Amino acid sequence: MTDVLHRPAPPPDLTVPYGTLPERVIDLRLPPRLPAPLVVLVHGGFWRPAYDRTHLGPMAHAVAAAGYVVAVPEYRRAGMAAEGWTGTFNDIAAALDQVAMIAERHGADISNVTWAGHSAGGHLVLWAAARPGLPEDSPWRGPCAATHVVSLAGCNSLRLCAEWNLGSGAAVNLMGGGPDEVPDRYAAADPAALPSPHVPVTLVHGTEDDRVPFAMSRAFTAGRLVEITGAGHFDLIDPQGLAWPVVLSVLEGAS
């Protein structure tokens with residue numbers, strides 16, 4: 001069992017806003033040499049307020065040390081937004097629309113941009129990458145600035161999250177109902193219901209994941225699957241774990 005959720009990490013080099021709300025901030029970590037490719041890490045936690053970007057500190061520090069500018073955006077989770085269920089998606093759309101421009105001012109090479117998300121963050125980066133395929137009247141429709149998208153043990157299908165009752169009803173809590181109760185919401189927010197992204201997608205999943213089953217990534221039709229035998233849910237964000245060389249290689253585009 002990894003202790004990565006509670007392991008301390010050095011603080012980010014700077015924290016910058018992407019809006020006026022207190023949650024709309026992005027932590028930036030800089031590598032030893034600049035310019036450098038940009039990796040955006042979106043945290044998970046089943047979209048619940050109890051889990052924020054802090055637990056990605058060890059991973060973000062390790063990716064920066066490997067030679068990347070690393071950006072970790074915060075966002076409002078379920079129940080935190082005055083506008084209701086749309087708040088999480090409003091924040092992710094705003095963050096990923098702005099993060100490359102923000103990071104470029106601090107040395108990021110934005111010709112090489114990876115969006116990676118863990119668990120619920122995997123859902124969010126896949127959704128963001130699919131935004132060009134949203135209906136023309138959607139307020140979230142927009143370009144995808146990533147050149148590669150990586151879902152790490154991702155909640156890739158909101159419908160399956162709801163049907164499998166992952167996180168004790170986490171998807172239903174986020175969306176304000178199940179897929180058959182609020183189908184229009186799932187149609188707009190579930191990557192599995194949207195056209196596939198136009199950029200390369202890699203799904204990384206451990207076979208021993210007891211939070212988001214490996215079958216989740218097997219069921220997702222967009223992208224290629226990298227299977228890590230014996231890895232659990234949090235092993236994929238632990239730079240001290242056996243899965244880390246594979247995860248880093250995927251982020252580097254080498255596997």
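Predicted model: local features only at pLDDT ≥ 70, side-chain atom pairs only at ≥ 80, totals over all residues.
I searched the whole structure for disulfides (pairs of cysteine sulfur atoms within 2.5 Å) and the search came back with zero. Cys155 is in no disulfide, and the nearest cysteine sulfur, that of Cys161, is 3.9 Å away.

Residues are numbered from 1 along each chain as its sequence is written, and side-chain values use heavy atoms, with hydrogens and water left out.

**Are the two cysteines buried or exposed?**

I looked up the accessible areas, where buried means under 20% relative accessible area, exposed over 50%, and partly exposed in between, with a 1.4 Å probe and protein chains only. Cys155 is buried at 0%, and Cys161 is buried at 2%.

**Helix 1**

Next I turned to helix 1, residues 57-65. For the record, helices are DSSP runs of H or I with at least four residues, strands are runs of E with at least two, and both are numbered from the N terminus. Helix 1 is mostly covered, with seven of its nine residues buried. I listed these as Gly57, Pro58, Met59, Ala60, Ala62, Val63 and Ala64. They pack against strand 2, strand 3, strand 4 (69-73), strand 6 and helix 8. Just after helix 1, I found Gly67 with a positive phi of about 115 degrees.

**How does helix 1 sit against helix 8?**

I got an angle of about 60 degrees between helix 1 and helix 8 (residues 244-251), with their axes 12 Å apart. That makes helix 1 oblique to helix 8. The wording follows set classes: under 35 degrees is roughly parallel, over 145 roughly antiparallel, 65 to 115 roughly perpendicular, and the rest oblique. The axes are lines fitted to C-alpha atoms, for helices over the stretch in contact, and the angles run from 0 to 180 degrees between N-to-C directions.

Helix 1 passes helix 8 in a right-handed crossing. A crossing is right-handed if the near helix is turned clockwise from the far one by less than a right angle, and left-handed if anticlockwise. On the helix 1 side, the contact (heavy atoms within 4.5 Å) is made by Met59, Ala62 and Val63, and on the helix 8 side by Trp244, Val247 and Leu251.

**Helices 2 and 3**

Helix 3 (residues 120-129) has 10 of its 10 residues buried. Among them are His123, Leu124, Trp127 and Ala128, and these four meet Thr88, Phe89, Ile92, Ala93 and Leu96 in helix 2. The residues of this contact of helix 2 with helix 3 divide into seven nonpolar, two polar and no charged. The two helices pack at an angle of about 65 degrees, with their axes 10 Å apart. Helix 2 and helix 3 are therefore roughly perpendicular to each other. The crossing of helix 2 past helix 3 is right-handed.

I also checked Glu104, which is found in helix 2 (residues 86-104). Glu104 is partly exposed, with a relative accessible area of 43%. Its C-alpha atom is separated by 12 Å from that of Val39, 65 residues apart along the chain.

As background, most residues other than glycine have a negative phi, and most peptide bonds are trans. The peptide bond from Leu34 to Pro35 is cis, with omega near 0 degrees. Pro35 is found in the loop between strand 2 (25-29) and strand 3 (36-42).

Ala153 has a positive phi of about 50 degrees although it is not a glycine. I placed Ala153 in the loop between strand 6 (148-152) and helix 4 (158-163), and it is buried at 0% relative accessible area. Asn165 has a positive phi too, near 55 degrees. Asn165 lies in the loop between helix 4 and helix 5 (170-175), and this residue is partly exposed, at 47%.

Key: Nonpolar A, V, L, I, M, F, W, Y, C, P; charged D, E, K, R; others polar.
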